[in-house]
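Let's take a walk through this model, stopping at a few loops, a strand and some helices along the way. Keep the coordinates open while you read.

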Amino acid sequence: MVLINECKHNNIKSMCGIVGYIGTRQAFPVLIKGLKRLEYRGYDSTGVALVSTNAMLNVYKEEGKVANLEANVANRDLGGTIGIAHTRWATHGIPSSTNAHPHVSQSGKLALVHNGIIENYSLIKERLLKLGFVFKSETDTEVLVQFIEYVKETHGVDTVTAVRLALNQVIGAYAIVLVDKEAPEQVIAARKSSPLVIGLGEGNREFFIASDATPLVEYTQNVVYLNDGEIAVLKRGEEMQICNLKNEAIDLDVQSIEMNIGLLEKGGYPHFMLKEIYEQAQAMKDCMRGRLLEKEKRVVLSAVCNHSERLLNAKRIIIVSCGTSWHAGLIGKQLIETFVKVPVEVEYASEFRYRNPVINKEDVVIAISQSGETADTLAAISLAKERGAFIFGIVNAVGSSIARTTDTGTYIHVGPEIGVASTKAFTGQLTVLIMLALCLGKERGILSEVEYEEIVTELAAIPDKIEHSLACNEKVADLAKSFTYARNFLYLGRGYNFPVALEGALKLKEISYIHAEGYPAAEMKHGPIALVDTEMPVVVIATHHQLYEKILSNIQEVKARKGRILAIVTEGDEGVRDLVDNVIETPPTLACLSPLLTVIPLQLLAYHVAVIKGLDVDQPRNLAKSVTVE
Ligand code: G6P
């Protein structure tokens with residue numbers, strides 16, 4: 001039976017968070033708590049489906065955040081030990097309770113949550129419409145659940161078989177979880193290109209399903225990551241079964257995960273973002289633990305030791321990433337070119353994947369990603385792999401798709417980052433890039449012993465300096481009050497601090513919705529200077545490093561146009577203070593390490609401006625943390 005044989009293959013994926021449960025507890029609280037942990041993946045509408053003890057299927061959906069659903073269903077029948085739930089980032093159809101998941105089949109027997117995009121959904125829908133099916137929503141997900149039911153009925157097969165047969169005809173990306181009220185003792189999960197992890201309760205008494213491990217860690221440490229094309233069948237009290245789309249049994253690969261639950265809570269801070277800014281000193285220590293050996297003045301990265309030949313023979317390094325990770329990549333380029341003397345290109349993954357880039361077998365591609373799930377970065381990796389490049393990952397999320405796709409790599413180990421605007425992941429990525437450049441530079445004999453030891457010693461001192469930098473918080477909070485009027489901001493920096501200017505501007509845009517641009521300070525005169533007037537705050541990174549004197553001239557140029565200048569300077573600086581309106585001091589350090597310190601006041605500035613404007617700092621509008629859409 002072939003319903004669909006062609007479609008426009010546009011390779012789109014979507015975000016969204018999925019949670020599922022089958023076991024002995026009441027499912028609803030587990031699902032709601034799990035959804036809250038996954039809200040970073042999207043938060044425009046929410047829904048749950050519960051299979052009650054008398055095999056009723058109760059489905060509740062609301063527009064808006066998880067808390068909204070929770071408040072609105074308080075008086076409804078929430079009983080049941082089996083359920084599925086979803087938090088959405090809209091792709092097909094506006095955010096509304098109708099378009100929210102779970103979607104239910106025509107007979108009302110099957111309910112499905114889905115993360116991804118069924119690319120040939122319109123062809124399937126057309127066919128089902130002709131057969132008399134009625135659709136309530138505009139989503140591709142409703143088409144999938146109806147299609148599964150259609151297959152089940154026309155073939156007279158059980159639900160698991162129907163899911164498998166249907167998925168064989170589906171083009172696109174999916175992580176799905178499905179319940180059938182007529183088979184109330186099982187939950188079915190499947191994945192292709194969208195992540196899904198299953199937590200195993202003791203004695204197989206219960207199973208937890210989620211888009212990532214954060215909803216599972218408080219219940220179990222034993223997890224199975226589903227691979228593409230796999231279907232899992234979860235039944236209370238039985239070992240889980242996995243098969244592929246050809247119905248071949250797959251062996252279980254149970255992995256152990258460890259995560260500090262405290263890192264998933266706000267811990268007394270008003271927002272995750274502020275907490276994560278404050279965690280940076282500790283996060284950096286965690287990132288360097290066992291890798292930076294302070295006494296020996298050495299850095300050891302196992303990935304470099306294990307693949308030194310491949311890495312050291314690289315003729316060229318290409319860094320692919322998106323957003324904040326791309327900014328880290330720009331700093332990585334300067335570090336590697338300076339310490340290792342290998343040419344480095346930094347590419348937006350989204351551009352790289354589509355422009356038929358020249359990639360050679362000797363190239364090393366470094367993929368940087370906090371979430372490890374970014375669709376564009378994943379696609380860039382697979383293109384580079386196809387052409388024979390060696391892939392090195394710098395990832396935070398352990399076990400994520402990128403971590404599992406790369407040839408080798410180094411986790412940044414900064415703990416889960418929940419605030420949508422990335423902060424501690426950025427400093428973690430920089431820390432790994434510095435350690436990587438140090439290892440390679442030393443091995444290649446480009447860095448002298450003296451230089452190497454000086455940088456290693458100073459790197460070890462940075463966490464304390466970050467702690468010290470955070471003392472500017474009150475001053476920044478105070479200053480932020482006078483900036484909320486601004487409609488535009490300019491951020492300027494040079495050398496290692498030009499990407500920090502980009503990052504400062506991105507932070508402000510993301511959470512305060514103020515337009516901001518980052519520029520190399522000297523490039524300002526070629527355009528942006530036309531924007532400068534008394535209304536235009538200009539943030540200048542003017543620490544005692546490369547091109548300090550030149551930056552003083554750039555400051556003069558802004559001052560002559562009456563721009564309002566906030567300068568990030570080195571402690572004790574006298575050269576800038578009299579020229580600008582305000583200064584924030586950061587501890588002295590080496591130029592190559594300065595981004596780890598100069599970014600701190602910029603993160604705080606964005607945070608406080610957004611808080612004063614009364615905005616949702618942790619979940620800014622239209623954004624999501626794990627961008628699995630291209
Ligand atoms: C989203 C996030 C950013 C992040 C970017 C890349 O846009 O909001 O904070 O920098 O994705 O994500 P990745 O997980 O690949 O670092």
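Start with Asn-54, which sits in the loop between β2 (45-51) and β3 (57-63). Before going further, a word on the labels: helices (H or I, at least four residues) and strands (E, at least two) are DSSP runs, numbered from the N terminus. This is a predicted model, in which local features need pLDDT of at least 70 and side-chain atom pairs count only at pLDDT 80 or more, while totals for chains, interfaces and linings use all residues. Residues are numbered from 1 along each chain as its sequence is written, and side-chain values use heavy atoms, with hydrogens and water left out.

Asn-54 has a relative accessible area of 55%, so it counts as exposed; the scale runs from buried (under 20% relative accessible area) through partly exposed (in between) to exposed (over 50%), using a 1.4 Å probe and protein chains only. Its side chain makes a polar contact of 2.4 Å with the side chain of Ser-52. A polar contact here is a pair of N or O atoms within 3.5 Å; within protein, one must be able to donate a hydrogen and the other to accept it, and residues adjacent in sequence count only if both atoms are side-chain atoms. For a sense of scale, Asn-54 and Thr-214 are 160 residues apart along the chain, and their C-alpha atoms are separated by 31 Å.

Another loop residue is Ala-530, between β24 (515-520) and β25 (537-541). With 68% relative accessibility, Ala-530 is exposed. Its C-alpha atom is 9.1 Å from that of Arg-561, which is 31 residues away along the chain.

Is Asn-396 buried or exposed? This residue is in the loop between β21 (390-395) and α13 (401-405), and a relative accessible area of 6% makes it buried. A polar atom of the Asn-396 side chain lies 3.2 Å from the backbone nitrogen of Val-414. Setting aside neighbours within four places in sequence, the contacts of Asn-396 (heavy atoms within 4.5 Å) include Ser-369, Gln-370, Tyr-411 and His-413.

At 37% relative accessible area, His-413 is partly exposed. Asn-247 is another non-glycine residue with a positive phi, about 70°. You'll find Asn-247 in the loop between β13 and β14 (249-250), partly exposed with a relative accessible area of 47%. While you're checking backbone geometry, look at the peptide bond from His-101 to Pro-102: it is cis, with omega near 0°. Pro-102 belongs to the loop between β4 (82-88) and β5 (103-104).

Now for a strand. Ser-321 is in β18 (residues 317-321) and is buried at 0% relative accessibility. The Ser-321 side chain reaches the backbone nitrogen of Trp-326 at 3.4 Å. Beyond its neighbours within four places in sequence, Ser-321 also touches Glu-347, Tyr-348, Ala-349, Ile-368 and Thr-377, among others.

On to the helices. Two packed helices are described by the angle between their axes and the distance between the axes. Axes are lines fitted to C-alpha atoms, for helices over the stretch in contact, and angles run from 0 to 180 degrees between N-to-C directions. Helices α3 (residues 121-130) and α4 (residues 140-155) pack at about 55°, with axes 9 Å apart. The pair is therefore oblique; under 35 degrees would be roughly parallel, over 145 roughly antiparallel, 65 to 115 roughly perpendicular, and the rest is oblique. Among the residues in the contact are Tyr-121, Ile-124 and Leu-128 of α3, and Val-143, Phe-147 and Tyr-150 of α4.

Helix α14 (residues 424-443) and helix α15 (residues 449-469) cross at roughly 160°, their axes coming within 11 Å. That makes α14 roughly antiparallel to α15. Their contact includes Ile-434, Met-435 and Leu-438 of α14, plus Tyr-452, Ile-455 and Val-456 of α15.

Finish at helix α5 (residues 159-167), where seven of its nine residues are buried. Those include Val-160, Val-163 and Leu-167, and the cover over the buried residues includes β6 (110-118), α4 and β7 (172-180).
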